[in-house]
Amino acid sequence: MKIRACTNEDASTISDIYNHYVNNTIVSFEESPVSQSAMQARIAKVTKNYPWLVAELNNQIIGYAYADLWQERIAYRYSLITTVYFHPEQTGRGYGTELYKALFAALADGDCRILIAGISMPNAASVALHERLGFKKVAHFEEVGHKMNRWIDVGYWQRKL
C-alpha cells in the first residue's frame with residue numbers, strides 16, 4: 001500500500017468511497033451523497049492547515065484519512081478530529097492502522113495535542129481500530145442522531161499525540 005497526500009483530482013474517488021457509507025450505513029450522519037465538487041471544497045478547506053492522506057493499492061485509491069479542527073473556537077486549536085474511510089472491500093486488512101499511523105506522523109510536527117474520533121454506534125471495527133492505536137473512550141451520547149429510521153448513539157475517543 002502506498003500513502004500520499006490527497007490532491008484535488010482524488011475528490012471523485014473519495015466521494016465514491018464516502019458515499020457508500022452515506023447511502024448504506026449509519027457511520028456517516030449525512031443522508032445525501034456528496035458531489036465531487038463538494039468533496040473538492042472539503043479537501044481544499046482541510047488541506048489549508050492539516051493533512052489529508054490517501055491510501056493506494058495498485059495505483060487505485062482504497063481509502064483516506066484526515067484531521068481537522070475539532071471545534072472552531074480558538075481555545076480548541078490544539079485538538080483535532082480524525083476521520084478514516086476505506087472502500088468496503090478493503091476493510092479489515094490492517095490498512096486503516098497504517099494510514100492512521102501515517103496521519104499521526106504527519107501531525108507530529110505541528111501544534112496538535114489531542115486527537116478525537118467520533119464513532120456512531122455500534123461500530124466494532126472502528127472502535128477496535130481506534131483502541132488499537134491508543135484512543136480511549138471518553139464519552140457516550142445516547143440517541144443523538146437519527147438515520148435509517150432509528151436513533152443512533154455516538155461515542156467519542158481521544159488520544160494524546
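Me: Leaving aside its neighbours within four places in sequence, which residues is N19 in contact with?
Reply: This is a predicted model, and in it N19 is in contact with P33 and V34, once the neighbours within four places in sequence are left aside.

Me: Where is N19 found, and does it count as buried or exposed?
Reply: N19 is found in helix α1. Its relative accessibility is 11%, under the 20% limit, so N19 counts as buried.

Me: How do α1 and α2 pack?
Reply: The angle between α1 and α2 is about 105°, and their axes are 8 Å apart. That angle falls between 65 and 115 degrees, which means that α1 is roughly perpendicular to α2.

Me: Which residues meet there?
Reply: From α1, the residues are A11, S12, I14, S15 and Y18; from α2, they are Q36, M39, Q40, R42 and I43. By class, this contact has five nonpolar, four polar and one charged residues.

Me: What else is M39 in contact with?
Reply: Beyond four places in sequence, M39 is in contact with A11, I14, S15, Y18, V34 and W52.

Me: How many residues does the largest nonpolar core have, and which have the most contacts inside it?
Reply: The largest nonpolar core has 42 residues. Those with the most contacts inside it are I14, M39, W52, Y64, Y100 and L103. The elements that give two or more residues to this core are the helices α1 (11-24), α2 (36-47), α3 (95-107) and α4 (124-132), together with the strands β2 (52-57), β3 (60-69), β4 (79-86) and β5 (114-121). In soluble globular proteins, nonpolar side chains tend to be buried together.

Me: Turning to β2, is A55 buried or exposed?
Reply: A55, which lies in strand β2, counts as buried because its relative accessibility is 0%.

Me: What does A55 touch?
Reply: Not counting residues up to four places away in sequence, A55 touches M1, K2, Q60, I61, I62, G63, F86 and L99. The C-alpha atoms of A55 and L99 are separated by 6.8 Å, although the two residues are 44 residues apart along the chain.

Me: Now the other helix pair: what is the angle between α3 and α4?
Reply: They pack at about 45°, with their axes 10 Å apart. That makes α3 oblique to α4, and α3 passes α4 in a right-handed crossing.

Me: Which residues make that contact?
Reply: G96, T97 and Y100 in α3 meet L129, H130 and R132 in α4. By class, the contact has two nonpolar, three polar and one charged residues.

Me: Is H130 buried or exposed?
Reply: H130 is buried, since its relative accessible area is 2%. Leaving aside neighbours within four places in sequence, H130 is in contact with T82, Y100, A117, I119 and F135.

Me: Changing topic to the backbone: which peptide bond is cis?
Reply: The bond from M121 to P122 is cis, with omega near 5°. P122 lies in the loop between β5 and α4.

Me: What is the phi of N58, and where is that residue?
Reply: Phi of N58 is near 55°, a positive value in a residue other than glycine. N58 is in the loop between β2 and β3, and counts as exposed because its relative accessibility is 70%.

Me: And what is the phi of E143?
Reply: E143 has a positive phi of about 50° although it is not a glycine. E143 lies in strand β6 (residues 136-147).

Technical notes: Residues are numbered from 1 along each chain as its sequence is written. This is a predicted model: local features need pLDDT of at least 70, side-chain atom pairs count only at pLDDT 80 or more; totals for chains, interfaces and linings use all residues. Side-chain values use heavy atoms; hydrogens and water are left out. A nonpolar core is a set of buried Ala, Val, Leu, Ile, Met, Phe, Trp, Tyr and Cys residues joined through side-chain atoms within 4.5 Å. Buried means under 20% relative accessible area, exposed over 50%, partly exposed in between (1.4 Å probe, protein chains only). Helices (H or I, at least four residues) and strands (E, at least two) are DSSP runs, numbered from the N terminus. Contact means heavy atoms within 4.5 Å. Axes are lines fitted to C-alpha atoms, for helices over the stretch in contact, and angles run from 0 to 180 degrees between N-to-C directions. Angles under 35 degrees count as roughly parallel, over 145 as roughly antiparallel, 65 to 115 as roughly perpendicular and the rest as oblique. A crossing is left-handed if the near helix is turned anticlockwise from the far one by less than a right angle, and right-handed if clockwise. Ala, Val, Leu, Ile, Met, Phe, Trp, Tyr, Cys and Pro count as nonpolar, Asp, Glu, Lys and Arg as charged, and the others, Gly among them, as polar.
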